[in-house]
There are 2 protein chains.
Amino acid sequence: MSSFFDSRLSESRSLFERALQVVPGGIYGHTSPAAGLPGIFPYFAESAEGCRFTDVDGNQYLDFMCGFGPIVLGHQHPEVEEAAARAKAKGNLFNVPSRGFVELAELMVQRVDFADWAVFAKNGSDVTTWALQVAREATGRKKILMLKGAYHGIDAWCAPGYGGIIEEDREHIHRFEWNKLDSLVGMLDSLRDQVAGVFVTPYHHPSFAASEMPENGFLTKVQAECNRRGIVIILDDIRTGFRLHAGGSHRRFGFEPDIACYCKAMGNGFPISSAVGRDSLKTAAAKVFLTGSYWNNADAMAAAATCLTIIERDKVPERIEAIGDRLCRGLTEAAAKHGYVLQCSGPRAAPYPFFEGDQNLRLAQSFCGKAVRKGAFFHPHHNWFLSAAHDEKSIDEAVAIATECLREMSEAGEKA
Amino acid sequence: MSSFFDSRLSESRSLFERALQVVPGGIYGHTSPAAGLPGIFPYFAESAEGCRFTDVDGNQYLDFMCGFGPIVLGHQHPEVEEAAARAKAKGNLFNVPSRGFVELAELMVQRVDFADWAVFAKNGSDVTTWALQVAREATGRKKILMLKGAYHGIDAWCAPGYGGIIEEDREHIHRFEWNKLDSLVGMLDSLRDQVAGVFVTPYHHPSFAASEMPENGFLTKVQAECNRRGIVIILDDIRTGFRLHAGGSHRRFGFEPDIACYCKAMGNGFPISSAVGRDSLKTAAAKVFLTGSYWNNADAMAAAATCLTIIERDKVPERIEAIGDRLCRGLTEAAAKHGYVLQCSGPRAAPYPFFEGDQNLRLAQSFCGKAVRKGAFFHPHHNWFLSAAHDEKSIDEAVAIATECLREMSEAGEKA
């Protein structure tokens with residue numbers, strides 16, 4: 001196996017060999033080697049601060065994944081850490097919730113314009129699946145519509161792949177196409193009076209493909225179709241909620257769901273997720289069981305309240321968007337200089353950069369492989385994440401690395 | 001609503017009135033008022049240390065629920081807190097796991113005798129549902145058998161109640177009876193070659209009823225029936241895993257599952273759960289997707305490694321069993337003195353005490369209502385939890401409170 005690994009990853013390799021002995025696949029899920037660039041991306045991290053992290057071999061990286069989203073203010077943000085530590089110093093897990101539970105619910109309802117109530121959990125999947133059940137409870141219907149290529153978590157109704165899945169798990173799940181209202185309306189017509197809920201994302205962010213923004217008021221029209229048919233519209237805002245707008249990503253795109261699910265950017269890494277919803281669904285929501293051993297932990301509640309407060313106070317979404325724009329412009333210009341067309345799809349705060357014509361992602365993989373070896377952690381087939389800890393200096397440093405990679409690619413004659 | 005609440009709970013009441021405005025049901029799940037003694041149990045906690053907690057009104061309680069299980073060493077255990085803080089000081093949530101992920105997996109495999117591999121998640125439900133999928137993936141079969149009255153989490157296949165559940169969610173779930181091998185065998189015969197997995201608990205711990213230990217080698221026989229039919233036997237050891245035995249609760253009861261699920265006592269309150277399994281299931285396990293935004297957080301990994309180490313080093317299960325025995329003997333003797341027959345069912349480390357003949361739980365509710373007002377937090381219809389922080393002094397204090405409650409009940413002529 002040793003020749004497969006970059007020599008700079010010897011401790012990563014050694015730990016992974018140990019992991020393979022005691023963990024199926026060694027590392028699973030979105031952080032598994034197969035989900036990145038095996039043998040090139042680091043396998044294990046040692047430390048992180050601000051917008052940088054260090055792997056177990058001591059290699060340092062500018063972090064453009066931010067833990068796949070949760071790190072919205074930067075690693076080890078002092079205010080968030082202090083708020084959590086202060087809460088935790090009094091004890092963390094009680095037989096009943098703490099004061100912070102109520103305060104955070106009040107903050108969520110105040111922050112998200114259409115929200116009349118909030119609940120909290122640990123995983124994004126906890127709240128997307130619960131929202132699905134609330135839609136079924138509220139409507140007495142079974143069918144759930146979701147977008148082709150959307151990711152709503154690991155539960156059987158929507159998990160990527162088919163491992164351990166049986167057909168009954170997805171018997172009432174139907175998939176429509178992004179930005180194609182006809183695809184939705186046709187489905188709603190053929191499933192008349194059977195559809196409980198429609199899941200949407202604020203913009204389309206599949207893996208292995210460019211992100212797509214809503215066109216021609218797509219989400220507003222989806223909302224109208226759902227509203228007039230008594231269907232619950234559920235916004236899965238887990239990927240970018242509170243990173244694009246302090247009031248939730250729907251504010252950027254001019255529509256209003258009935259339920260929204262949040263997770264990643266809520267607590268700057270502290271484990272917490274949330275669903276919020278309208279008053280009309282409160283009774284149904286109270287009937288769908290939800291609980292978990294650690295869901296009331298006080299530190300995550302305090303971290304989330306502080307993180308959400310900072311996001312609004314410091315205009316974090318605007319800052320991240322601006323810094324992301326600097327990155328995207330820098331990448332596009334550097335690419336053009338070396339004969340490539342590189343575009344950044346999706347919002348600037350969570351861009352999915354791609355090379356034009358790069359159908360098999362060969363250029364993206366080459367580019368990200370070179371970049372990570374030079375100290376910039378870019379992902380070849382998942383959107384990136386910017387944080388409030390990224391400043392102009394770190395962006396310019398990343399663009400300089402990218403420029404060097406593109407020059408090498410050009411000199412080697414790499415083409416899409 | 002004010003007259004409904006004990007006057008000592010004015011801040012709990014005020015916070016709950018706020019919670020009702022912004023949370024469906026005010027507080028949900030196992031910590032909801034309806035799941036305890038509404039108006040009598042505190043609704044919100046302020047702080048906790050060792051085996052005691054304080055509610056938001058400043059009322060102090062001896063804690064016999066330990067956060068419904070996670071607090072196995074006592075609230076704010078210094079060694080666990082320090083280990084987690086040390087890990088966290090280097091950063092907590094990276095783009096890849098930390099060293100602690102491998103170390104904890106190695107520890108789990110070393111600690112649990114039949115385990116060849118481990119995975120980690122956040123909720124108990126994460127790992128029970130994943131184990132179900134691994135059983136289906138490994139066998140290519142659909143049917144899952146579980147015990148009547150068992151709790152395996154909030155997912156649709158097993159959640160208590162029917163809110164948001166559709167019949168398809170449980171189409172392949174069948175329930176057999178505890179300690180009745182015929183009930184299982186009859187089901188296995190009628191579902192020949194269709195059963196993927198059988199869920200068991202180390203002993204039977206339904207809510208609202210006494211716990212029942214395995215009789216006549218029940219679990220050993222269940223294991224034999226599963227083994228000879230190629231069915232995956234899954235131990236849900238979330239309730240008491242590592243509290244009854246440092247190697248997992250199956251060690252107390254002389255059987256070996258194929259997969260075991262742990263959660264509550266793993267991290268002394270830090271959010272973590274785990275599934276471990278046999279080598280024969282490793283390939284199937286690698287095919288069933290599992291991941292979550294916060295699952296690799298370094299602090300919970302470090303907390304769990306430290307907690308599990310202390311559990312073995314300090315013979316915590318033996319200590320908790322002994323201290324639980326002191327409590328149970330004290331309660332039974334005090335009850336007898338005042339004309340009641342009080343028995344402690346289940347293991348002494350997590351006893352479910354009940355009054356003989358108390359079918360409608362009237363005596364249990366009266367007893368626990370009086371006790372909580374005097375400073376002992378006992379639960380009327382869920383098993384209790386002891387921790388390593390409970391010492392003879394705190395037990396004797398609790399027994400003195402219980403004795404006073406029983407005397408009052410007797411004087412008032414309360415009968416089952």
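Reply:
**One residue and its surroundings**

Gly346(B) belongs to the loop of chain B that runs between strand 11 (342-345) and strand 12 (352-355), where strands (E, at least two residues) are DSSP runs numbered from the N terminus. The model is predicted, so local features need pLDDT of at least 70 and side-chain atom pairs count only at pLDDT 80 or more, while totals for chains, interfaces and linings use all residues. Residues are numbered from 1 along each chain as its sequence is written, chains are lettered from A and ligands numbered from 1 in the order written, and side-chain values use heavy atoms, without hydrogens or water.

Is Gly346(B) buried or exposed? Gly346(B) counts as buried because its relative accessibility is 13%, and buried means under 20% of relative accessible area (1.4 Å probe, protein chains only).

Which residues does Gly346(B) contact, apart from neighbours within four places in sequence? They are Tyr203(B), Ser211(B) and Met213(B), contact being heavy atoms within 4.5 Å. His204(B) stands 142 residues from Gly346(B) in sequence, yet their C-alpha atoms are 8.0 Å apart in space.

Beyond residues up to four places away in sequence, Val198(A) touches several residues, including Leu145(A), Phe176(A), Val222(A) and Ile233(A). In soluble globular proteins, nonpolar side chains tend to be buried together.

Methods. Helix = DSSP H or I, 4+ residues; strand = E, 2+ residues; numbered from the N terminus. Buried < 20%, exposed > 50% of the residue type's maximum accessible area, 1.4 Å probe, protein only.
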